[in-house]
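Me: I would like to learn how to read a model of two chains, one feature at a time. Please give the general idea before each case.

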Amino acid sequence: MADTTHEQWLAQIDAELDGELSLVERAALAKHLATCGHCAGARASHLEVRVALARSAGNPHAFVLTRPAIRAGTLALWLVVALAAGLVGGWFASHRWGGPGGGGTLEDTRGTIVVQ
Amino acid sequence: MGPLSFSSVLLMIAALQGPGTRLTYRIRVIEPAAVTPRILASGAVSGPLDSDMRLTLRTDTAEVEALFQVTAFGDTVTVAGEFLTRRLVGQSRRGLPLWEEDTYRRLVRMTWSDTARIYPFGTSLAPAVARRAPWVELILERHFAGGEARAGEQFELRDSTRDLSIEAVVRPRRARIILNLVRGDTVSGPRPMDLVLEEPARVVQLVLKGRPTTLVVSLTRPDPARSARARALALDADIVCLRVSQPAVLQPLGTICGRLNNIARQLPLPTGDTLAATFAWPGPR
């Protein structure tokens, strides 16, 4: 990764901390960190942030940060709930306000006779 | 029956059967204005005590047709209004106007000297609409006019941009019928008759080319109108039906129905002749 830019090295640091780099990539990153004080500082900073996050999550000895996972069942359930709510809301709104001729009640628009 | 109710019944009978008692609907159509209300139209409809008045108001977005009927009882009178309203409510997906129709009835009791104010478009209108919505003032009068039983109309439209009209609706008690027999280019002499509705049938003889034809005729009312609008507005009020049959034969030859408008209506007879009947309002008595 001779031509790797600084931004890419920072992305590599994130990936390394997530355990996503291969051995070859980790070796290249270690070699770069030995010569780049800025990236070494950034890595230390990332690590400190992750330690703080792991502590706040109650797991200070974690090797990596666990990402919040969305389970397929939960996602499907929420989709069904949202769809049902939309259908019921649409039906109610159409019944209450939908269609032409809205406005006041029918009795309001009817003629009246008043004796004076 | 107490003396009070008995006298009330007598008064009612006297009012209904009084000789030459006429009823007049006097109306003014008024539009609200900034300074003083503006009279759009005025008029009167008069006739026998059982006369009704048909009122029509049309705007670009609404159409109100109403039939007013009066039931007199002593010094009070009950006004019943049968309303048929159409309101423009929007457009269809193909750009055609959509109207909603509404039929309802209003009833109010008043004395003869009272003024009834009719709000054809309702009273609970939005302020912007209420500023332009006209109302109708109705005054009922009764007076004696010896023998004059025909209906009369008088109407003055002061704002010609408005579509307003009133009509007298009178159900005929009798009708003048002129009968002719027709065959080819030969017509018998006209045979005028004054027939009373729902009275026993009468025998009439018509002579064509020296050959007499005897028919039994009676005048009846038509079957109730099929459409709700025609029933509500009594659009068939002046339609009568002439039932034609042969003597001593139960099965009628046919029935001719029509308005009292001097138009001849034809009924083919089994003899090959055609009976032409012209219906008209009877002359004054």
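**Reading the model**

Reply: Start with confidence: this is a predicted model, and chain B has a mean pLDDT of 87, with 88% of its residues at 70 or more. Where pLDDT is low, the predicted coordinates should not be read in detail. For the model as a whole, the scores are ipTM 0.74 and pTM 0.68.

Me: How many strands does the open sheet of chain B have, and in what order?

Reply: In general, the strands of a sheet pair through backbone hydrogen bonds, in a parallel or an antiparallel way. Here the open sheet has 5 strands in the order β6-β5-β4-β3-β10 (chain B), and the pairing is antiparallel. β6 and β10 (163-169) of chain B each have a single partner strand, so they stand at the edges and one side of each lacks a neighbour in the sheet. From one strand to the next, the twist averages 15°.

Me: How many bridges pair β5(B) with β6(B)?

Reply: β5(B) and β6(B) are joined by 15 bridges in the antiparallel sense. One residue pair to look up is B:Gln91 with its bridge partner in β6(B), B:Pro97.

Me: Now the two chains. How many residues does each give to the contact?

Reply: The size of an interface is often given as the accessible area lost when the parts come together. A residue count is another way in: chain B gives 26 residues and chain A gives 13 residues. On the side of chain B that touches chain A, the elements with two or more residues are β5 (76-91), β6 (97-111) and β7 (115-119) of chain B. By class, that side of chain B has 13 nonpolar, 7 polar and 6 charged residues.

Me: Which strand of chain A is joined by bridges to β7(B)?

Reply: Strand β1 (residues 112-115) of chain A is joined to β7(B) by 4 bridges, and the two run antiparallel. Within this pairing, A:Val114 has B:Arg117 of β7(B) as its bridge partner.

Me: Last, the helices. At what angle do the axes of α1 and α2 of chain A cross?

Reply: Two packed helices are described by the angle and the distance between their axes. The axes of α1 (residues 6-17) and α2 (residues 23-35) of chain A cross at roughly 125° and come within 11 Å. That angle makes α1(A) oblique to α2(A), and their crossing is left-handed.

Me: Which residues meet there?

Reply: From α1(A), A:Trp9, A:Gln12, A:Ile13 and A:Glu16 meet A:Glu25, A:Arg26, A:Leu29 and A:His32 of α2(A). By class, this contact has 3 nonpolar, 2 polar and 3 charged residues.

Key:
Residues numbered from 1 in each chain as written. Chains lettered and ligands numbered in written order. Predicted model: local features only at pLDDT ≥ 70, side-chain atom pairs only at ≥ 80, totals over all residues. Contact = placed C-beta atoms within 7 Å. Nonpolar A, V, L, I, M, F, W, Y, C, P; charged D, E, K, R; others polar. Pairing = 2+ DSSP bridges. Axes fitted to C-alpha atoms, helices over the stretch in contact; angles between N-to-C directions. Parallel < 35°, antiparallel > 145°, perpendicular 65-115°, else oblique. Left-handed = near helix turned anticlockwise from the far one by under 90°. pLDDT = per-residue confidence, 0-100.
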